[in-house]
Amino acid sequence: MIKDITIGQFFPGDSVIHKLDPRFKIIFTLVYIIAVFLANSLLAYTMVAVFVFGSIFLSRIPVKHTLRGLKSVLFIIAFTALFNLFLTEGEPLFSIGPVTATKEGLRMTLLMIARVFFLIIGTTLLTFTTSPIMLTDGIESLLKPFAKIGLPAHELAMMMTIALRFIPTLIEETDKIMKAQTARGADFESGNLFQRAKNFVPLLVPLFISAFRRADELATAMECRCYHGGQNRTRMRVLKAGSRDVFAAITVFAFCGLIVWTRLG
C-alpha cells in the first residue's frame with residue numbers, strides 16, 4: 001500500500017508532454033480539474049477519458065504506473081460511495097436492513113467514483129512529466145505578478161516543490177521502517193481496522209525523527225551553497241513558450257469548452 005502512493009514521483013522522458021512549458025502544464029492541470037468537476041454525464045466523462053488516456057499515451061508513461069496511485073485511496077472511495085448510495089434521497093432500488101439504496105444515490109456514487117478516478121490520474125501526470133526544478137520555476141513564474149503586493153513568490157514556490165518532492169522520500173522511509181519493525185516481530189497486517197491503525201503508531205516517532213533530520217540536512221546544504229531565495233537569482237534554463245505549448249493550450253481549452261457544452265446542453 002505504501003509503495004502505491006505516486007504523488008510527487010517524476011519519470012524522466014523525452015515525450016511531447018515532458019517538453020511542454022511547466023507554466024502551461026500547471027494551468028492545464030487546473031483547467032482539467034475544473035472540467036472534471038463540471039462533467040456530469042456519460043458523454044462528458046467519455047470525453048474526459050479520451051483526453052486523459054490520450055495524454056498518458058503521449059507522455060509514454062506506462063498506464064499501470066498512473067493507475068497504481070488509485071490503490072491508496074480505494075478505501076476512501078468505497079466508504080464515500082456507500083454513503084452516497086444509501087444516504088441520498090430518491091426512488092428506492094433495494095434495502096439492506098434499515099438503509100435503502102436509491103437510483104439518485106447510485107448515480108451520485110458512479111459520478112463520484114469517476115470524478116475521483118480521473119482527478120487522481122490527471123493530476124499525477126503533472127508530477128510524472130515535470131521535474132521538481134522545472135515545477136519550481138513554473139510555480140514561481142506564475143506567482144511572480146503577485147510579488148508586487150508583497151507575496152514571496154520564490155519562497156512559496158520553493159516550499160511547495162520541496163514538500164511535493166519529499167513525499168516519495170518519506171514514503172520510502174516509511175516502507176523501510178515498516179520492514180525493519182516487521183523483522184523484529186511487529187504485525188501491520190492482521191487485526192481489524194482499529195488494531196491496524198494502532199499498530200502504525202510506533203512508526204510515527206522514527207518517521208518524524210527522519211523527517212526532521214532530512215529537513216536539517218537540506219537547510220544546512222542550502223546555507224553552505226549561500227542560498228538567499230529569489231534575490232538576484234539566475235537560471236540555466238529560461239522558460240519560453242513555443243508553438244507546441246500554444247497548440248496544447250488550444251486543445252485543452254477546446255476540451256474544457258466541450259465539457260461546458262455537454263453540461264449546458
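Leaving aside neighbours within four places in sequence, which residues is Thr129 in contact with? Select Thr129 and show everything around it: apart from those sequence neighbours, Thr129 is in contact with Phe10, Ile17, His18, Lys25, Ser59 and Ile61, where contact means heavy atoms within 4.5 Å.

Before going on, some ground rules. This is a predicted model, in which local features need pLDDT of at least 70, side-chain atom pairs count only at pLDDT 80 or more, and totals for chains, interfaces and linings use all residues. Residues are numbered from 1 along each chain as its sequence is written, and side-chain values use heavy atoms, with hydrogens and water left out.

**Colour by confidence**

pLDDT is the predictor's confidence in each residue, from 0 to 100. The protein has a mean pLDDT of 80, and 88% of its residues reach 70 or more. Confidence is highest in α2, at 91, and lowest in helix α9 (residues 193–199), at a mean of 68. Helices here are DSSP runs (H or I, at least four residues), numbered from the N terminus. Where pLDDT is low, the predicted coordinates should not be read in detail.

**Helix α6**

Return to Thr129, which lies in helix α6. Thr129 counts as buried because its relative accessibility is 3%; buried means under 20% relative accessible area, exposed over 50%, and partly exposed in between (1.4 Å probe, protein chains only). Its side chain reaches the backbone oxygen of Leu125 at 2.8 Å. This is judged as a polar contact: a pair of N or O atoms within 3.5 Å, where within protein one must be able to donate a hydrogen and the other to accept it, and residues adjacent in sequence count only if both atoms are side-chain atoms.

Next select Thr124, also found in helix α6. At 7% relative accessibility, Thr124 is buried. A polar atom of its side chain lies 2.8 Å from the backbone oxygen of Ile120.

**The cores**

A nonpolar core is a set of buried Ala, Val, Leu, Ile, Met, Phe, Trp, Tyr and Cys residues joined through side-chain atoms within 4.5 Å. Select Tyr32, Val48, Phe118, Phe255 and Ile259: these have the most contacts inside the largest core, which has 32 residues. At least two residues of this core come from each of α2 (22–38), α3 (42–59), α6 (103–129) and α11 (243–264). The most, eight residues, come from α6.

Now centre on Val48. Leaving aside neighbours within four places in sequence, Val48 is in contact with Tyr32, Val36, Ala39, Phe118, Phe255 and Ile259. Apart from this core lies another, of seven residues, including Ile26, Leu135, Ile139 and Ala153.

**Salt bridges**

How many salt bridges does a search of the whole structure find? It finds three, each being a side-chain nitrogen of Lys or Arg within 4 Å of a carboxyl oxygen of Asp or Glu.

- Asp14 and Lys19: the closest N and O atoms are 3.7 Å apart. Asp14 is exposed at 54% relative accessibility, and Lys19 is partly exposed at 43%.
- Arg23 and Asp21: the closest N and O atoms are 2.8 Å apart. Both Arg23 and Asp21 are buried.
- Glu173 and Arg214: the closest N and O atoms are 3.0 Å apart. This pair links distant parts of the chain, with Glu173 in helix α8 (residues 153–183) and Arg214 in helix α10 (residues 201–224), 41 residues apart. Glu173 is buried at 13%, whereas Arg214 is partly exposed at 26%.

**Cysteines**

Finally, select Cys224 and Cys256. Cys224 is exposed, with a relative accessible area of 61%, while Cys256 is buried at 12%. With a disulfide taken as a pair of cysteine sulfur atoms within 2.5 Å, the count comes to zero.
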